[in-house]
Amino acid sequence: FNGALNGWGESDDASFEDVYAIGDALNRGGYGTVYTCRHRESEEDFAVKRINKVRYLETVGWNATSEAQLNAHGVTRGTRDWHLRRLGEEVALMRNLTTAGPHRNIVRYIASFETDESLDIVMELLDDGDLFGRVNRDLYTEDQAKPIFKQLCETVAFLHSQGPHPIIHRDIKPENIMILN
């Protein structure tokens, strides 16, 4: 998918910068950064996960030498294109989760934009921070932690119940659990 995919899966030729103004960095990860962004027309605020494709490929272990070895043996799994296709599949999964009836504990997908250098995934903005930051600021009693853990378990169960191929998150940690009051 090149260009933009809006929340309904319709493609257009607009760039991220045509539609959104980027704001402050909220969080940095291994291969990308999450920023605030504002829709230029509606002035509504969102979050955008900007994935640097080169850093992503380095993180998953891809390099030109391994690509040459894979190609020499006719193997497609693990190639550059294979890894980048997986990113596209992640976007499609997020879009499908949003359009098929969003779950109250899963961040809502809005749109995505791709360039040669990056993939921008626009999502609803949950600006109360993540669980890691909250736990570092506040001590939780067992009674306060129970509803958070219950919601986390319900969300994982929902993901695991999806279609013939369950969705496995693979990166559940306090930094990836957003808080919404």
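A salt bridge is a side-chain nitrogen of Lys or Arg within 4 Å of a carboxyl oxygen of Asp or Glu. Keep that cut-off at hand as you work through this predicted model.

**Exercise 1. Decide what joins the side chains of K173 and D171.**

Step 1. The N to O distance for K173 and D171 is 3.8 Å.
Step 2. The cut-off is 4 Å, and the two side chains meet in a salt bridge.
Step 3. Elsewhere, salt bridges with shared partners link E17, R50 and D120 into one network. A search of the whole structure finds nine salt bridges.

**Exercise 2. Find which parts of the chain the salt bridge between E154 and R104 ties together.**

Step 1. The closest N and O atoms of E154 and R104 are 3.7 Å apart, and the two residues form a salt bridge.
Step 2. E154 sits in helix α6 (residues 142–160), while R104 belongs to the loop between α4 and β6, so the pair ties together parts that are 50 residues apart in sequence.
Step 3. R104 is exposed, with a relative accessible area of 63%, whereas E154 is partly exposed at 33%.

**Exercise 3. Work out whether R134 has a salt bridge or has none.**

Step 1. Locate R134 in helix α5, which covers residues 131–137.
Step 2. The nearest side chain of opposite charge is D138, 4.2 Å away. With a cut-off of 4 Å, R134 has no salt bridge, although R134 is buried.

**Exercise 4. Describe how strand β6 is placed and paired.**

Step 1. Strand β6 spans residues 109–114, and six of its six residues are buried, so the strand is largely enclosed by the rest of the structure.
Step 2. β6 pairs with strand β7 (residues 118–124) in the antiparallel sense, over five bridges.
Step 3. For one example, A111 has V122 in β7 as its bridge partner.
Step 4. Follow the chain from β6 to β7: a hairpin of three residues joins them.

**Exercise 5. Compare the span of helix α4 with its expected span.**

Step 1. Helix α4 runs over residues 80–99 and has 20 residues.
Step 2. At 1.5 Å a residue, 28 Å is expected.
Step 3. From first C-alpha to last, α4 reaches 29 Å, close to that value.
Step 4. The buried residues of α4 include W82, L87 and V91. After the helix comes G101, with a positive phi near 115°.

Conventions. Residues are numbered from 1 along each chain as its sequence is written. This is a predicted model: local features need pLDDT of at least 70, side-chain atom pairs count only at pLDDT 80 or more; totals for chains, interfaces and linings use all residues. Side-chain values use heavy atoms; hydrogens and water are left out. Helices (H or I, at least four residues) and strands (E, at least two) are DSSP runs, numbered from the N terminus. Buried means under 20% relative accessible area, exposed over 50%, partly exposed in between (1.4 Å probe, protein chains only). Lys and Arg count as positive and Asp and Glu as negative; His and the chain ends are not counted. The expected span of a helix is 1.5 Å times one less than its number of residues. Two strands pair if DSSP finds at least two bridges between them.
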